[in-house]
Amino acid sequence: MKTLIYIALIAGIVSIESVLLPHVSLWQVKPDLGFVAVCLIGLFGGELEGLLVGLALGWAMSLFSAQDVLSAAIMKGCIGFIAGLAGRQVAYLTPPLLVVGLFTVSCLLGLMTPVILRLSAQQNVWWALWSVVLPQAALDALIGGAVYWLISRYLSLDQWVSEYRI
């Protein structure tokens, strides 16, 4: 059952990212829904589920974007694994702490692209940081915090996490 939910989640995220978000972007910056989903799955499901869903989601998202298959799958898989490790070490995670964590990790992940691409003198790392990385990290953090708040408010989070990790 869990596998079917993950397959449906991956198909839904890829569809939304490739069809809907180009028309709904804020200031031409789109949130990375795959990053948010992999972080939450890693936090709730553990390292292995975060890693596997991250690898599958990164591979599926790279099919519809110009991103390299290996780097997309490896980065999403590593993020899911690290989120799973963090989720195992934290007993209770508040939504504001999750927002700060998602913002920080999204900034670090977003800064990898301008460093790897070696941008021109007019488009340097500071330009990428102010125009793309920080707005996208803010959107990722807000969406992740909102989803986590909804889960913690309407579902019994302790019970859900304990059932989810079995």
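Helices here are DSSP runs of H or I, at least four residues long, numbered from the N terminus. By that count, Ile-10 belongs to helix H1. This is a predicted model, and the briefing takes in the pairing of H1 with H3, then Ile-10 itself, then helix H6.

**H1 against H3**
- Helix H1 runs over residues 2-24 and helix H3 over residues 47-63; the two pack at about 35 degrees, with axes 10 Å apart.
- Their crossing is right-handed.
- On the H1 side, the contact uses Lys-2, Tyr-6, Ile-10, Ile-13, Val-14 and Glu-17, while H3 brings Glu-49, Val-53, Ala-56, Leu-57, Ala-60 and Met-61.

**A look at Ile-10**
- Ile-10 has a relative accessible area of 15%, so it counts as buried, the cut-off being under 20%.
- Setting aside neighbours within four places in sequence, Ile-10 touches Val-53, Ala-56, Leu-57 and Ala-60.
- Gly-58 sits 48 residues away from Ile-10 along the chain, yet their C-alpha atoms are 9.4 Å apart.

**Helix H6**
- H6 covers residues 125-154, and at 1.5 Å a residue its 30 residues should span 44 Å; the end C-alpha atoms lie 41 Å apart, which agrees.
- There's a bend of about 35 degrees at Val-133, with a proline, Pro-135, following within four residues.
- Val-133 is also one of the buried residues of H6, a list that includes Ala-128, Leu-129, Ala-137, Leu-139, Asp-140, Tyr-148 and Ile-151.
- Two glycines, Gly-144 and Gly-145, are among the buried residues of H6 too.

How values were computed
Residues numbered from 1 in each chain as written. Predicted model: local features only at pLDDT ≥ 70, side-chain atom pairs only at ≥ 80, totals over all residues. Heavy atoms only, no water. Expected span 1.5 Å × (residues − 1). Bend = angle between axes of the 7 residues up to and from the residue. Buried < 20%, exposed > 50% of the residue type's maximum accessible area, 1.4 Å probe, protein only. Axes fitted to C-alpha atoms, helices over the stretch in contact; angles between N-to-C directions. Left-handed = near helix turned anticlockwise from the far one by under 90°. Contact = heavy atoms within 4.5 Å.
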